[in-house]
Amino acid sequence: MGVDALKRIDTFMQPFRVHTGLVAPLDRANVDTDAIIPKQFLKSIKRSGFGPNLFDAWRYTDRGESGMDPATRRPNRDFVLNQDRYKGASILLARRNFGCGSSREHAPWALADYGFRALIAPSYADIFFNNCFKNGLLPIVLAEREVDRLFADVAVFPGYTLTIDLERQTVATADGSLVLGFDVDPFRKRCLLNGWDDIGLTLQHAEEIRAFEARRLHDQPWLA
């Protein structure tokens, strides 16, 4: 695939630098990817359209199927994302081993399509963790005790927000009374700061690729 063909592929990653958002707490450990986006919705390879079915089996009391109008569904009023105080949340607070199970990339697609920009948890499944970075989500790892404190604060303070500064690698409350540092791989950090997915990263070398294609066409014209 040539450079021009790569440019025609739709990518949606936005740079992640500083993000302030409402926090939604998902107080469950070992949340697997089938819970994040159930298997019956995996009928598209586009990266959009999965948000309405994020955590589908928990968000609704009826069984969801691909193509159903969410407005006709029966919401589970007890589920966190259906509670008014968490409407518009863009930071998901979770427990250990988030994203375990199958390696479906649809899981981070669904989280991003819903509106989440960052996740905070003590640990993640490896493949899910890597897929988040490739799809514009920042999965932050904090210590158990730090996550416990955030869960306690979210429960006590409606409208609880956090500011995530990727360049400084900090998570902070609005008043600055709590500032937590986190680690991130330098390469992944650079990609997120610039909004580069794998295609975007490849296109940073567009001129070298074009030169290679021209040289190959000159030397091996039969390949055309």
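Where is H106 found? H106 is found in helix 4. Helices (H or I, at least four residues) and strands (E, at least two) are DSSP runs, numbered from the N terminus.

This is a predicted model, in which local features need pLDDT of at least 70, side-chain atom pairs count only at pLDDT 80 or more, and totals for chains, interfaces and linings use all residues. Residues are numbered from 1 along each chain as its sequence is written, and side-chain values use heavy atoms, with hydrogens and water left out.

H106 touches I37, L42, S44 and F50, leaving out residues up to four places away in sequence. Contact means heavy atoms within 4.5 Å. L42 is 64 residues from H106 along the chain, yet their C-alpha atoms are separated by 7.1 Å. The backbone oxygen of S44 lies 2.9 Å from a polar atom of the H106 side chain.

R73 is found in the loop between helix 3 (56-59) and strand 2 (91-93). Its side chain joins that of D62 in a polar contact of 3.1 Å. A polar contact is a pair of N or O atoms within 3.5 Å; within protein, one must be able to donate a hydrogen and the other to accept it, and residues adjacent in sequence count only if both atoms are side-chain atoms. Beyond four places in sequence, the contacts of R73 include N53, Y60 and M68.
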